[in-house]
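Here is a protein model to look over together. Have a look at it first, and then we'll walk through a few of its features.

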Number of protein chains: 2
Amino acid sequence: MTTHQQSVGVTAAKGFRAAGVTAGIKASGTPDLALVVNEGPSYAAAGVFTSNRVKAAPVLWSQQVLKGGQLAAVVLNSGGANACTGPEGFQDTHATAERVGTELGVSAGEVAVCSTGLIGERLPMDLLLPGITLAAKELAVDGGEAAAIAIKTTDTVHKTAQVTQDGWTVGGMAKGAGMLAPGLATMLVVLTTDAAVDAAQLDVALRGATRTTFDRVDSDGCMSTNDTVLLLASGAAQVTPGQAEFAAAVEQVCADLARQLIGDAEGASKDIRIDVTGAATEDEAVTVARTIARNNLLKCAIHGEDPNWGRVLAAIGTTAAAFDPDQLDVAINGVWVCRGGAVGEDRSLVDMTDRQVVITADLHAGPAAATVWTNDLTADYVHENSAYST
Amino acid sequence: MTTHQQSVGVTAAKGFRAAGVTAGIKASGTPDLALVVNEGPSYAAAGVFTSNRVKAAPVLWSQQVLKGGQLAAVVLNSGGANACTGPEGFQDTHATAERVGTELGVSAGEVAVCSTGLIGERLPMDLLLPGITLAAKELAVDGGEAAAIAIKTTDTVHKTAQVTQDGWTVGGMAKGAGMLAPGLATMLVVLTTDAAVDAAQLDVALRGATRTTFDRVDSDGCMSTNDTVLLLASGAAQVTPGQAEFAAAVEQVCADLARQLIGDAEGASKDIRIDVTGAATEDEAVTVARTIARNNLLKCAIHGEDPNWGRVLAAIGTTAAAFDPDQLDVAINGVWVCRGGAVGEDRSLVDMTDRQVVITADLHAGPAAATVWTNDLTADYVHENSAYST
């Protein structure tokens, strides 16, 4: 037993320190700046970013930094997205990385920056930069929890996960509560490992893991300008696991964090797992599941605990996936309410009182399957998102 | 001046009679069955249907009927969609057309059927068939309003429109309040004209008109299994207008009805017109406008009268349309809050108190433009759609 076993998230793995502080960026006065530092001996890193073509300044910066395959540190702020802020916004991100470099004695070119909050406003650099100095002083081997707290926006809980096996660990933290969507969405995730793994191996493991976890979480169909998932390896455990074993651990941590994101989605009262089976290809299974996940009418019905399977069929019918409308089967919480595209078992048999709802759609068109997670659509969602910037 | 000028909707044109009655299909006891009859001398007709691959029985039936290019009558019911009801549901539609044929002395093969309501339940044929007999008795040259009333579901008002010029008329009625989406959506529209126009000309005019009107109304991104737009010509005016002139009149009536649909969308408090300009092609302009129209976060912001232009940019960024993120301009109600992808005029200048909100996005990528209409997302929408089938 080492002290690391009491540390969580980004400091669960050896070779990392972290901090979370209040810089004053958020009007609420809650923590709003996090710093994660890799103390080596290795600095290999990989990243996955939003596929939105409108990218925030910190995304453009971090993508550039990651080309070197190394990260010494990650600085994250809540309270402002620094998106759609023009050249001045990019200069702010650059200055942020420079200050971290100065405080830690590393190159700004090895510092990733993540921001989250309202789009279209400059960050208060007079508060943010002193916050970095403060965070650098508070870096600790058990700082993972404080860091996770400092990146919250509308999150109601902070989110960390970790997996330890055979002497090495993968851990991480995430923020995100709305805008979870394809190609990730306002989701900031930092993962760390003490395994001795090079940048290329990290990249493969991270892309594989995000493809089946964060990319299949689709809370409201909206894609952020700021999504970032980073994976840093310190090599401090002095163990090099097999690639498959390592990738599985990364995927496990990502799946854990993705599930926590859905469980904390803005205003949601239901977590909805959509399993599409019998698809011709995995891509088609994902497309059908995502289309179901984005159907506002269905999401409202589930909020009302109404097993309205007709809305599932209407959603499937808008896709180009291979299927025969007369062979579609749909189950809600295990009751096959639709068989052969028509009425199946009695819908009154469906119990929808639990927070988790499982919708299964069998396309009878092939061997492929996929799962996408979403939430119900609620009046609370409308309220939170109509009042966000005011 | 003829008495026809006092008749509205589907009986505004000469050669048509209509009725709307209470068959008892709806539990509410309000009118739920409409009949529109073409008395000739011509019976040319055209139709456009949902592009949803899961099609209701009446859609499958009417598509088949329209292959002949002639319609003697249209029967429409609210209170049940007859979708996902299997072979029995198709037999119900067939029996409906047969009863209309018997009552009117025409072939069932020239009777279109439209249904709207909950998916996945059989229609109460024991009530519907006597309703047809009743409606046949009540057919009248001023029955257009009664017919429009009988096809309402969650519509708060009935919807009719008409245009008269040079001795000929195009008129119509529509129902629809939610699920307005691409390729039309639970939208039933019957248009009539007394112009002497053949089926091929009707088809061209109708496809052209729906492409730029109903197809660009996207209330909630959901596409129905039942959408139908029909156009019947009686030739009773004994005038054959030029194709361009005729097409323009059809488009004008469709635009009027489409605007009424948006104005009555479920739970909406704002009608949102999205103008995309400077697109490379019209298709890209439509895609960008539709993507903005479907952004739940933006729809919530507009509900809150919050000019949150960042959400417009985040939506545009998810498309593959030609544009440079640093050249995007966005105006809300005429105030250019975003210039060159960054902060523009002061957002506090935007007045959003009116029901209509106009969002303009200039892509600076070409000469094409398009307009899509949508609504805001409200707690009332959630309420209506979480309680619909229960």
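How many residues of domain 1 of chain A are in contact with residues of domain 2 of chain A? There are 13 on the domain 1 side, and they touch 17 residues of domain 2 of chain A, where contact means heavy atoms within 4.5 Å.

## Before we go on

This is a predicted model, so to speak of local features takes pLDDT of at least 70 and side-chain atom pairs count only at pLDDT 80 or more, while totals for chains, interfaces and linings use all residues. Residues are numbered from 1 along each chain as its sequence is written, chains are lettered from A and ligands numbered from 1 in the order in which they are written, and side-chain values use heavy atoms, with hydrogens and water left out.

About 1300 Å² is buried between them, with carbon and sulfur atoms giving 37%. (Buried area is the accessible area, taken with a 1.4 Å probe, that two parts lose on being put together, summed over both.) On the domain 1 side, Arg216(A), Asp218(A) and Ile262(A) lose the most area to domain 2 of chain A, together 47% of what that side buries.

## Charged pairs

Side chains of opposite charge can pair when their charged atoms come close. Here, a salt bridge is a side-chain nitrogen of Lys or Arg within 4 Å of a carboxyl oxygen of Asp or Glu. The rule finds 3 of them across the interface of the two domains of chain A. Elsewhere in the list of pairs, Glu282(A) forms a salt bridge with Arg211(A), with the closest N and O atoms 3.3 Å apart.

Asp271(A) also has a salt bridge, with Arg259(A), at 3.4 Å between the closest N and O atoms. Asp271(A) sits in strand S10 of chain A and Arg259(A) in helix H6 of chain A, 12 residues apart. (Helices, H or I of at least four residues, and strands, E of at least two, are DSSP runs numbered from the N terminus.)

## The sheet

Six strands of chain A make an open, mixed sheet, in the order S13-S12-S11-S14-S10-S15; two strands pair if DSSP finds at least two bridges between them. Strands S13 (342-343) and S15 (368-375) of chain A each have a single partner strand, so one side of each is left without a neighbour in the sheet.

S10 (residues 271-279) and S15 of chain A run antiparallel over 7 bridges, and Asp275(A) stands opposite Thr371(A) in S15(A).
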